[in-house]
Amino acid sequence: MSAAPMTMVGGLNAGLRASLDHDPRVLLMGEDIATLGGVFRVTDGLAKDFGDQRVFDTPLAESGILGTAIGLAMAGFRPVVEIQFDGFVFPAFDQIVTQLAKHHYRSAGHTPLPIVVRIPYGGGIGAVEHHSESPEAYFVHTPGLRVWTPSDANQAYLGIQAAIACPDPVIFLEPKRRYWDKAEVALGTLSADDAERMWSSRTLRTGSDITVVAYGPMVRTCTEAANALAELGVKATVIDLRSLSPLDLDPIFASVRQTGRCVVVHEAVETVGLGAEIAARVVEECFYSLEAPVQRIAGPHVPYPPSRFERHYLPSIDRVVAGVVQVMAG
Amino acid sequence: MTEGEHTEPLHLLAPDGSLSEASSALPLPPQLLEPDLLRALFRDMTMARRVDTEATALQRTGELGLWSSCLGQEAAQVGSAHAMDERDFAFPTYRESAAAWVRGVDPVALLGLYRGTTHGGWVPDEHRFALFTIVLGAQVLHAVGYAMGQQRLDSGGAAIAYFGDGATSEGDVHEAMVFATVTNAPVVFFCQNNGWAISEPVHRQTTVPFTQRAAGYGMPTMRIDGNDVLASLAATQWALEHARGGSGPVFIEAVTYRMGAHTTSDDPTRYRPPGELEYWATQDPIDRLRLLMINREVAAEDFFVEVQAQADALGERIRAAVRGAEDPEAGLMFDHVYASDHAQVERDRQRWSAPFAEGGVMA
């Protein structure tokens with residue numbers, strides 16, 4: 001294995017390349033992904049190197065992309081589709097929810113659909129409407145789908161390969177505001193065991209005062225908040241969920257039994273978001289260890305606002321610090 | 001209406017059992033008149049109709065939750081399904097029970113979907129026949145994707161997508177035709193225009209012939225008499241050969257009629273104009289093939305008696321098997337949600353299997 005500093009875009013590109021190399025059944029399809037290399041350049045150079053039968057542009061029709069990917073999977077391929085932006089996945093929602101998620105169940109296990117749906121998601125880049133959504137709860141709520149999200153370049157490199165190797169459909173959410181963040185990427189072949197481990201949460205730092213749970217774009221925010229909290233004398237554990245479906249909650253329960261306090265942070269609307277599920281499960285499992293109510297730091301119940309509002313909308317380091325301080329006082 | 005003028009559907013076999021003059025638009029290959037093939041088509045349509053009437057009866061006695069009858073559409077389905085070879089794959093709606101019969105799907109397995117014991121019922125790859133799809137038009141995209149896969153595998157196979165007149169209004173069908181034409185995918189769009197989408201007549205879906213719309217995407221089209229099994233077979237054979245040979249997709253509109261209700265929950269007397277059913281009864285697909293076979297002396301009375309006996313035996317087998325079917329064990333509800341273990345499913349499987357007193361959810 002060699003390590004190289006890469007952006008998340010670079011990590012994804014390298015991970016896709018490794019999967020295309022490894023398995024001839026892997027196809028990449030989507031809007032503008034071939035000649036252009038994707039609007040974020042995640043697939044840059046792959047059409048040239050793997051040919052237009054394996055990396056190809058589709059008509060501009062998201063339901064069509066998902067529906068034909070399902071047919072390709074039925075023919076034995078492993079399609080990786082790109083939805084250009086989070087807000088454009090909804091025309092494909094029917095194919096994802098009524099067809100993709102249910103087919104393995106309906107066929108009594110005879111026809112798996114190993115499809116990865118890559119979606120750049122989340123805000124923070126000053127984008128126009130429909131380009132900053134966090135739709136993860138819809139997919140986590142749907143049995144039959146797996147949902148995964150990386151927080152840095154190395155996680156993206158490993159995670160995309162694990163998602164492609166998975167026999168189930170995977171909604172792969174890419175935090176677009178972290179696309180250009182650099183990290184050391186450990187290049188090399190992902191073993192089956194390595195891939196399996198990607199479906200667990202990971203503890204980034206351990207502190208005895210509070211358990212901070214985050215995923216995707218909020219992991220960096222929470223890590224930086226934990227640094228600030230340390231200066232205030234608050235020792236935080238930070239857990240990156242990575243897999244949103246299935247949820248790997250045992251490490252969170254174990255941590256909360258130590259700390260007695262928990263906050264969950266996400267960009268998506270707080271109401272019936274991932275934080276609600278995690279808070280409920282933490283209360284069920286750790287009720288007698290809790291020193292304070294589980295707090296959610298998340299989006300308000302408004303549509304994703306025009307970008308000049310987003311610094312008020314998105315959980316910031318300051319909001320996470322303030323929320324943790326409040327829970328510590330509870 | 002000039003551009004939108006409906007042309008007379010192409011036919012080979014008239015309601016009186018006579019063969020039409022061969023036309024260049026839809027030639028009649030001589031092998032379609034082989035006695036063995038005619039007998040097989042007759043047998044399949046008769047058996048499919050028996051499945052249909054038995055299923056309706058089973059629903060009426062509470063053994064099935066619902067049934068969507070294909071009564072009257074046997075020629076469209078049996079003819080088109082007979083055109084498939086071992087490389088092809090069909091993608092049906094929920095009304096293709098006659099096509100399913102031709103593809104070898106056991107009617108008892110198929111009725112599991114309507115009894116509520118399964119959402120599927122058969123192994124698609126074994127029959128080269130996908131599971132029934134209830135969401136209108138969704139499977140048409142699957143057919144196109146499958147066809148795009150055959151291009152990459154260089155298999156020489158094609159896909160056939162079944163859908164109805166109502167589904168043509170769905171965005172997925174439009175997208176499917178866009179994808180199919182721009183990729184030149186080997187797929188046959190087989191639209192059974194049965195006159196009604198529950199209570200909505202065809203003019204609620206289109207102001208021009210469906211074939212005109214399809215031609216706009218850039219593919220050859222054919223409008224055939226869907227109650228003529230020879231036309232259905234000949235047109236689909238031509239279309240599949242066109243697709244398999246690399247010439248791209250084809251659209252076929254089979255003009256037929258839904259002799260029954262939309263489903264057993266529907267009441268067509270609320271919307272069907274008087275006389276319509278009576279007219280279509282004179283167009284019956286099985287009757288006209290019987291007349292042809294008698295005229296050409298490819299079958300005598302003993303053949304028809306034998307087929308009827310086989311159909312009755314099938315009906316009895318279906319009735320006994322469906323009535324005797326046990327409800328599935330509760331734990332099976334948790335199987336196959338994922339192809340690999342998933343923490344939330346396994347947690348719930350355990351909670352549902354444990355008694356309430358031990359932390360389970362069941363009293």
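Contact here means heavy atoms within 4.5 Å.

## Basis

This is a predicted model: local features need pLDDT of at least 70, side-chain atom pairs count only at pLDDT 80 or more, and totals for chains, interfaces and linings use all residues. Residues are numbered from 1 along each chain as its sequence is written, chains are lettered from A in the order written, and side-chain values use heavy atoms, without hydrogens or water.

## Interface of chains A and B

Chain A brings 45 residues to the contact, and chain B brings 39. About 3400 Å² is buried between them, with 59% from carbon and sulfur atoms. Buried area is the accessible area (1.4 Å probe) that two parts lose on being put together, summed over both. A:Thr68, A:Tyr105 and A:Arg106 supply 20% of the area that chain A buries against chain B, more than any other three residues.

One salt bridge crosses the interface (side-chain nitrogen of Lys or Arg within 4 Å of a carboxyl oxygen of Asp or Glu). B:Arg347 and A:Glu284 form a salt bridge through their side chains, at 3.1 Å from N to O.

## Sheet in chain B

Chain B holds an open sheet of five strands, order 1-2-3-7-6, paired in parallel. Strands are DSSP runs (E, at least two residues), numbered from the N terminus; two strands pair if DSSP finds at least two bridges between them. Strand 1 (89-91) and strand 6 (221-225) of chain B each have a single partner strand, so one side of each lacks a neighbour in the sheet.

Strand 1 of chain B pairs with strand 2 (residues 159-164) of chain B over three bridges, in the parallel sense. B:Ala90 stands opposite B:Ile160 in strand 2 of chain B.

How values were computed: Helices (H or I, at least four residues) and strands (E, at least two) are DSSP runs, numbered from the N terminus.
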